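Please look through the structure below and follow the description from its domains to its ligand.

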Amino acid sequence: MGNLSEIIKGRKSVRTYDGNEISEEHRKDLEEYIKDIPNPFGVPVEFVLLDAKEHGLSSPVLAGESLYVAGKVEKKPHAEEAYGYSFEKLVLHAWKLGIGTVWIGGTMKRENFEKAAGVKSGEMMPCVSPLGYPAKKKSLKETMMRKGVGADTRIPAADLFFDGTWGSALDPDADMKGILEMVRWAPSAVNKQPWRIIRRDGVYHFYEKKDKGYVREETGDLQKIDVGIALCHFCMGLEEKGMHAETAVNDPGIEIPGDAEYIVSVSIRK
Ligand SMILES: Cc1cc2nc3c(=O)[nH]c(=O)nc-3n(C[C@H](O)[C@H](O)[C@H](O)COP(=O)(O)O)c2cc1C
């Protein structure tokens, strides 16, 4: 595991942990890291570490975990995208340290986590994740879950990234191809991969291609979180190649299908 592309491609959701607590050094590192994880939307996301035993926290899809992180955000425009971006930075940082995570937005007793995390009115806590060392062998449940959502596959690039208009496949240069590959391998709720990108006049416009059933009062729109995750991979990819991303919410008015929504645009400064 070394460069960003390897970290992103190598990361997989971890649902089976080895039962050990994370080392003091790692705990300190994470405590420091979560203090401030900025995102381009300027919406602060607050993270709290929660001891599973102390708070009686568990999830039916997990085994062997002893620590969780919960993320909270004020309910306001772009909260979900900001949330996806900041939380994913933490996910990748943890993976670099050898610490496994899995985004959990559904399969948990939400009230227990919200209480432990101290969610205030006007805030939401869409997701949590365990933080721990992966077990050598996945539980049968985990293996079945991965199969069920096709977790080891992704939609082909030609169906995600478009040139000028919705649906016409983009043929990017080698650098951009690598960066878009990092976007393609992002995690998403039920592996639906709702992100779409149209490049027009050198600007990359991000869209959400919506599926039904992902919007709830307690979580906001989970698929907007997914788009925030994709944006995080895109911006980190650019940075690694020495390019700078300028993000702006400014709908270019490109014609899109009825189940799609414009989210954000990225211009690149070299
Ligand atoms: C916003 C979000 C919510 C998720 N919620 C859950 C969940 O409740 N339970 C679960 O087991 N996995 C959950 N996942 C994990 C996805 O199923 C997983 O990322 C996807 O199948 C791809 O697999 P990978 O992460 O191993 O690449 C969630 C992922 C995201 C991004």
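This is a predicted model. The domain assignment divides the protein into domain 1, covering 4–140, and domain 2, covering 157–269. Between the C-alpha centres of domain 1 and domain 2 there is a distance of 23 Å.

The two domains touch each other, and the contact takes 21 residues from domain 1 and 25 residues from domain 2. On the side of domain 1 that touches domain 2, helix H1 (4–10) and helix H4 (79–96) each supply at least two residues. H4 gives the most to this side, with nine residues. Sorted by class, the residues of the side of domain 1 that touches domain 2 are 10 nonpolar, four polar and seven charged.

The next part to look at is the ligand. There are 22 residues around the ligand, and those that come nearest are Ser-13, Trp-103, Gly-105, Gly-106 and Pro-187. Two elements give two or more residues to the shell around the ligand: helix H6 (140–149) and helix H8 (222–240). H8 gives the most to this shell, with four residues. The shell around the ligand is made up of 14 nonpolar, six polar and two charged residues.

Where does the ligand lie in relation to domain 1 and domain 2? Residues of the shell come from both domain 1 (4–140) and domain 2 (157–269), so the ligand lies between them.

Technical notes: Residues numbered from 1 in each chain as written. Predicted model: local features only at pLDDT ≥ 70, side-chain atom pairs only at ≥ 80, totals over all residues. Near = placed C-beta within 6 Å. Nonpolar A, V, L, I, M, F, W, Y, C, P; charged D, E, K, R; others polar. Domains from an automatic or database assignment. Contact = placed C-beta atoms within 7 Å.
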